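Let's take a friendly walk through this structure together. Have the sequence and the 3D view at hand as we go.

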Amino acid sequence: MKTLLLITQDDNGIIQAKSDIFQITVNSPDFFTMLENNVPVNLHPELSSILRKWRREKARELDLSAYIILTNKVLLAISNLSPVTEEDLMSIKGFGFNQLDRFGNEILDIVLQYRKNNPEEYREEEEAPWDSSEL
């Protein structure tokens with residue numbers, strides 16, 4: 001019997017995906033956690049990082065917990081969807097009018113600047129946009 005796909009993870013978080021045809025190594029300790037929790041893959045990790053930094057600074061400025069600003073799931077959805085309009089933001093499950101009023105313009109500015117600086121990340125996505133209903 002042939003192995004279709006064998007996925008393993010070592011103590012350092014290095015993931016090996018092997019089959020009779022190919023082998024892939026991924027240096028991501030969060031991979032299995034994302035699979036177990038059915039969390040979508042982070043399509044734009046650099047944008048996520050920028051948004052997390054913004055959220056952390058905003059939380060300090062307003063003396064709030066970061067998750068009050070945006071939950072991790074909403075932050076990931078914003079990063080993956082990369083919205084360019086208020087309507088796009090409002091289509092994200094868990095993003096409401098209060099967040100739109102308080103943070104919408106800042107978030108859209110961050111995303112638009114990122115998209116402008118990284119157009120190569122969005123060429124394929126325009127043909128098949130990410131669906132925030134996966135959350």
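This is a predicted model: local features need pLDDT of at least 70, side-chain atom pairs count only at pLDDT 80 or more; totals for chains, interfaces and linings use all residues.

The bend in H6 falls at Phe-103 and comes to about 70°. Helix H6 covers residues 97-117, which makes 21 residues. From first C-alpha to last, H6 reaches 28 Å, close to the 30 Å expected at 1.5 Å a residue.

Now look at the buried side of the story. Phe-103, where H6 bends, is also one of the buried residues of this helix. Others on that list include Gln-99, Leu-100, Gly-104, Ile-107 and Tyr-114. The buried residues of H6 pack against H2, helix H3 (66-69), helix H4 (72-81) and helix H5 (86-90).

Leu-70 counts as buried because its relative accessible area is 0%, under the 20% cut-off. Between Leu-70 and Arg-56 there are 14 residues in sequence and 9.9 Å in space, C-alpha to C-alpha.

Finally, turn to Ser-48 in helix H2, residues 45-62. Ser-48 has 3% relative accessibility, so it is buried too. The side chain of Ser-48 makes a polar contact, at 3.0 Å, with the side chain of Asn-42. Beyond neighbours within four places in sequence, Ser-48 is in contact with Leu-75, Leu-76 and Ser-79 as well as Asn-42.

Notes:
Residues are numbered from 1 along each chain as its sequence is written. Side-chain values use heavy atoms; hydrogens and water are left out. Helices (H or I, at least four residues) and strands (E, at least two) are DSSP runs, numbered from the N terminus. Buried means under 20% relative accessible area, exposed over 50%, partly exposed in between (1.4 Å probe, protein chains only). A polar contact is a pair of N or O atoms within 3.5 Å; within protein, one must be able to donate a hydrogen and the other to accept it, and residues adjacent in sequence count only if both atoms are side-chain atoms. Contact means heavy atoms within 4.5 Å. The expected span of a helix is 1.5 Å times one less than its number of residues. The bend at a residue is the angle between axes fitted to the seven residues ending there and the seven starting there.
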